Amino acid sequence: MFHTVQYRPLRLITQNSLSNICLKLMFSRLITFERISKSWFSSHSLVGNKNIILMGPPGAGKTTVGRIVGQKLDCPAIDIDDDVLERTWNMSVAEKLQDVGNEQFLEEEGKALLKFSASGSVISLTGSNPMHTAGMQHVKRNGIVVYLDVPTMVIMSRLKSMKVDRIVGQGPATSLKDILQFRKQFYKRWYDVRVLCGGNMAAEVVAEKVLDAVKRYQNSEVETYVSTRSSQKNSHKYFSDVVIEGLASDGGLFVPERGLPELTAEEWQTLIGATYAERAQVILERCIHPADIPASKLREIVGTAYGENFTCSKIAPVRHLTGNQFLLELFHGPTASFKDFALQIMPHIFAYCIPRSCNYLVLVATSGDTGSAVLDGFSRLHDTDKQRIAVMSFFPEDGVSPIQKSQMIGCQKENAWSVGVKSDFDFCQTAMKKIFTNSDYTGYLTVEYGTALAAANSINWARLLPQVVYHASAYLDLVHQGIITFGDPVDVCIPTGNFGNILAALYAKMMGIPIRKCICASNENNVLTDFIRTGIYDLRGRKLVPTFSPAVDILKSSNLERYLHLIADGDGQLVMQLYNQLENQGHFRLQKDLLEKLQRDLVAGWCSEEDCLAAIHSVYSTTGYILDTHTAVAKVVADRLQDKTCPIIISSTAHYSKFAPAILRALRITEIKQNPLSQLHLLSSYSPLPPVHWGLLATLKKNENEGHRVCAADLSMLMSCIETLIQNHFMKVF
């Protein structure tokens with residue numbers, strides 16, 4: 001029995017920090033995409049008159065899977081090859097191809113598709129249907145296109161065993177592999193949902209996956225987000241909401257209510273030979289509902305984010321260091337740190353999700369690397385988006401390296417500004433949270449200037465989610481290189497301050513990547529090491545110690561809250577109690593069962609300044625490779641804590657060029673000049689491995705004489721600075 005398709009009303013996007021009157025004045029608009037109403041279908045019914053359209057390469061199993069799905073839904077199964085083309089032409093498809101040739105065949109096939117009409121059916125397309133634009137537009141109007149994504153090598157093996165000789169485009173001068181690779185661009189253009197199909201996956205299993213994928217597509221209501229401090233069962237948000245709001249109104253952080261999706265081992269293995277962008281697309285599709293960002297738009301965003309702006313074609317290559325240690329190089333982006341992986345994609349996600357009727361000022365607090373990455377990322381938006389989206393980065397004026405400061409100043413653009421604060425990172429981060437939860441102030445900015453505030457720190461879910469990709473990708477690269485087989489465990493060691501990077505690794509583990517232990521590496525600001533070992537988070541009497549690894553000079557680790565919510569099985573009330581106690585008393589203690597859970601995932605150690613420099617010197621002396629100071633911290637801790645029973649992947653989170661004075665000191669080069677550009681030229685003269693980062697050199701050369709604002713460590717002064725910059729940018733633009 002068929003049911004009528006019901007579309008629920010377009011959803012109003014709100015910002016929780018705005019007062020009701022501000023909402024009426026500024027945000028009475030509907031979001032520009034539709035969400036389909038909550039309407040699950042059983043295994044024996046189909047929603048409305050929509051078709052399920054199966055698309056994929058020849059040999060993907062579309063016909064067989066289509067028949068099984070049709071049987072389960074008790075609806076017609078139509079094969080375009082057998083039921084449409086051959087009946088229309090009164091000859092076999094192979095005969096038609098031989099008769100008219102490749103180009104004319106595509107046109108004839110497209111014309112036949114344009115005359116075809118069906119409803120409430122399962123339709124199996126030909127492998128070449130997606131190459132005809134008008135034909136695909138016609139069938140897509142009344143259907144959900146499901147892409148059966150089968151690895152190319154599997155398809156080639158199947159076609160060889162089937163002795164298929166009727167592939168459009170096949171000939172002496174063109175290999176089958178080239179044809180299949182060429183066609184992928186057309187498949188990726190049209191699909192609504194994707195089903196990953198492993199080589200040994202039975203058609204029955206694929207059919208169930210098709211049904212699950214269509215159910216998910218039609219039911220966006222179940223993929224919601226909650227605050228880590230929420231005890232209310234109805235306080236749900238959607239992905240678009242949490243991207244815009246950043247921080248929850250109760251001070252908590254947003255997390256997926258039902259956790260992240262888990263991919264099967266067979267699904268992961270289909271990505272072993274994939275590029276970084278292809279892996280990112282698949283993982284993000286599973287985590288972002290198409291009602292929030294359709295697959296076609298997400299592909300455009302991913303392609304923009306992970307393209308020519310990275311200096312290495314592999315984006316996040318894995319390099320063997322020594323023994324069982326491997327480096328995950330996360331510094332090939334435009335600003336030379338791992339923050340680029342989130343901040344080359346997050347601005348485009350943000351620009352897509354926000355309402356068009358309001359200006360947004362994105363605020364970020366940085367301990368070093370985030371600042372230049374967020375400025376660069378938002379400055380790459382389209383001009384129309386830059387007119388309505390600006391970003392402001394607050395950093396400790398005397399708490400970052402000279403090159404980091406020069407880079408942040410040099411990354412300033414017409415919609416991107418840096419502000420030095422006469423304090424440390426913890427003050428900057430705490431000030432940002434207070435500003436976001438001050439409804440009077442945010443409401444005033446909305447009414448007075450038509451401008452809302454948003455966050456770009458890793459407290460924003462759209463900052464954290466893309467980091468999951470590179471941890472998964474690193475494991476798949478080790479499999480692809482033959483170092484391990486899928487299912488073998490690895491450990492990861494990550495220099496950790498705000499807990500975002502290591503949390504992303506834990507999320508990758510939840511999604512099915514066989515990570516055994518996550519090793520948390522701290523510098524002398526080792527509050528996390530103490531906490532993981534004892535269960536006591538204690539800030540009493542602690543003062544931040546400036547170190548050679550400033551990006552992890554942090555005492556209050558924001559993203560730890562998300563992990564505690566996870567191991568507490570979503571107990572928001574408990575998380576609220578812990579963080580109220582931390583705020584009011586400066587410490588909290590985990591109960592025994594939670595500490596045991598934590599220690600099953602995490603181990604921790606810390607590294608002194610002397611050991612950090614010694615590690616840089618030792619690795620360079622033995623391998624010719626230069627570690628940055630943060631990677632050196634992780635290397636020292638990995639050496640101490642690994643048991644050498646499995647490979648360990650060390651996150652190399654920044655390029656050494658950003659910390660030239662410390663590197664020169666570690667390499668025992670006595671001539672250290674004060675000018676950052678001179679320091680980089682001196683390092684470059686040693687022909688180091690890897691070379692000095694090109695983007696850093698270019699930024700410093702171009703912007704040696706630029707200035708920046710400096711602000712006192714006073715909340716009211718920061719708020720005044722924000723207002724002034726809003727006046728200068730948005731009032732001038734509009």
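Select helix α2 (residues 62-73), which lies across β3 (51-55), β4, β5 and β6 (143-149) and runs at about 175° to β5; contact here means heavy atoms within 4.5 Å, and angles, from 0 to 180 degrees, are taken between N-to-C directions of axes fitted to C-alpha atoms, for helices over the stretch in contact. Helices (H or I, at least four residues) and strands (E, at least two) are DSSP runs numbered from the N terminus. The model is predicted, with local features needing pLDDT of at least 70 and side-chain atom pairs pLDDT 80 or more, while totals for chains, interfaces and linings use all residues. Residues are numbered from 1 along each chain as its sequence is written, and side-chain values use heavy atoms, without hydrogens or water.

Next, colour the open sheet of 5 strands, whose order is β4-β5-β3-β6-β7 with parallel pairing, where two strands pair if DSSP finds at least two bridges between them. β4 (77-79) and β7 (193-196) are at the edges with a single partner strand each, so one side of each has no neighbour in the sheet. Zoom in on β4, which 3 bridges join to the parallel strand β5 (residues 122-124), and find A77 opposite V122.

Now select P57, Y147, D149, V150, T152, I155, L180, K184 and Y187, which line the second largest cavity, a set of points on a 1 Å grid over the protein atoms alone where a 1.4 Å probe fits but cannot get out, with lining residues having an atom within 4 Å of a point. β6, α7 (152-162) and α8 (176-190) each give two or more residues to this lining, and α8 supplies the largest share, 3 residues.

Note on methods:
On a 1 Å grid over the protein atoms alone, a cavity is a set of points where a 1.4 Å probe fits but cannot get out, and a pocket is an open set with protein on both sides within 12 Å along at least five of seven lines; lining residues have an atom within 4 Å of a point.
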